[in-house]
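Let's take a walk through a protein model together. Have the sequence and the 3D view ready, and turn the view as you read.

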Amino acid sequence: MQLIDTETPANGLEQTVRILEEEIVLGFLHPRERLVEDELLERFGLKRHVVRQVLVELERMGLVERKRNVGALVRAYTAKEVEDLYAVRELLECQCVRLIKFPVSETDLNNLIAIQTIHDEMVAAGNLRGAFRANMQFHKVLFGLSDNAVLVVATQDHAQRAHSIRSSSLVISDQLERARREHWLIIEALKVGDVERLVQLCSDHLKPSRDTYVSHYQLRDSQKNL
């Protein structure tokens, strides 16, 4: 079974954005790490104006910040910024699933099950890039069931802004396994139309990545003060 990716990059710009997005999410590129134009030119074989477009797109996605006399850096968040972002994500995502119309069609359920089956396979194989993409697709389809298209877009936008925050938890095997199990619980709640259970599951689903990032941030902060 193969995941049908409707967002396959069509050109070098999109492909480069996709690769760098994955590397930020998976922690290969760290918060505050510089993205140097000349290095990107050499690595991806792009023209300078295309590399600059890549950095603009990553900034728009909330993954990169650009500073005068420094250049582009992987976006770093304070503990307070993470808590604030995740508070907004919880509001958006819980409201999103509250607005799902029940019963959910068999077609939509089967689509989610097919995506989650692929996510299972990626997690079992230790394929972090595949697990990340399948996870994104699962949530895109789940929240896409909501009856408010504007809310769906806002939900996806804020989830994307949390990519660099999630990097500290995505490579932890027990958290990957926990997320995988929770996806199946979400599917079961959808099947029976248990809205309150679904809302609680979505709320709980956010907490590991938030808490892991905050704990790592506080640890780094305490070490600086030693």
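Which residue in β3 does Val64 stand opposite? Val64 faces Val74. This is a predicted model, in which local features need pLDDT of at least 70, side-chain atom pairs count only at pLDDT 80 or more, and totals for chains, interfaces and linings use all residues. Residues are numbered from 1 along each chain as its sequence is written, and side-chain values use heavy atoms, with hydrogens and water left out.

Now look at the sheet around that pair. Helices (DSSP runs of H or I, at least four residues) and strands (runs of E, at least two) are numbered from the N terminus. Three strands form an open sheet in the order β1-β3-β2, with antiparallel pairing; two strands pair if DSSP finds at least two bridges between them. Between β2 and β3 (residues 71–74) there are four bridges, and these strands run antiparallel. At the edges stand β1 (34–35) and β2 (64–67), each with a single partner strand, so one side of each has no neighbour in the sheet. Helix α3 packs on the sheet, where it touches β1, β2 and β3, and its direction makes about 115° with that of β2. Contact here means heavy atoms within 4.5 Å, while axes are lines fitted to C-alpha atoms, for helices over the stretch in contact, with angles from 0 to 180 degrees between N-to-C directions.

Next, follow α3 to its helix partner. Two packed helices are described by the angle between their axes and the distance between the axes. The axes of α1 (residues 12–25) and α3 (residues 48–60) come within 10 Å and cross at roughly 50°. That makes α1 oblique to α3, since angles under 35 degrees count as roughly parallel, over 145 as roughly antiparallel, 65 to 115 as roughly perpendicular and the rest as oblique. On the α1 side, Leu13, Thr16, Val17, Leu20 and Glu21 meet Val50, Gln53, Val54, Glu57 and Leu58 of α3.

The side chains of Arg129 and Glu22 form a salt bridge (2.5 Å, N to O); the rule asks for a side-chain nitrogen of Lys or Arg within 4 Å of a carboxyl oxygen of Asp or Glu. Arg129 lies in helix α6 (residues 128–144) and Glu22 in α1, so the pair ties together parts that are 107 residues apart in sequence.

Finally, visit two loops. Most residues other than glycine have a negative phi, and most peptide bonds are trans. Arg32, in the loop between α1 and β1, has a positive phi of about 75°. Phe102 and Pro103 are joined by a cis peptide bond, with omega about 0°.
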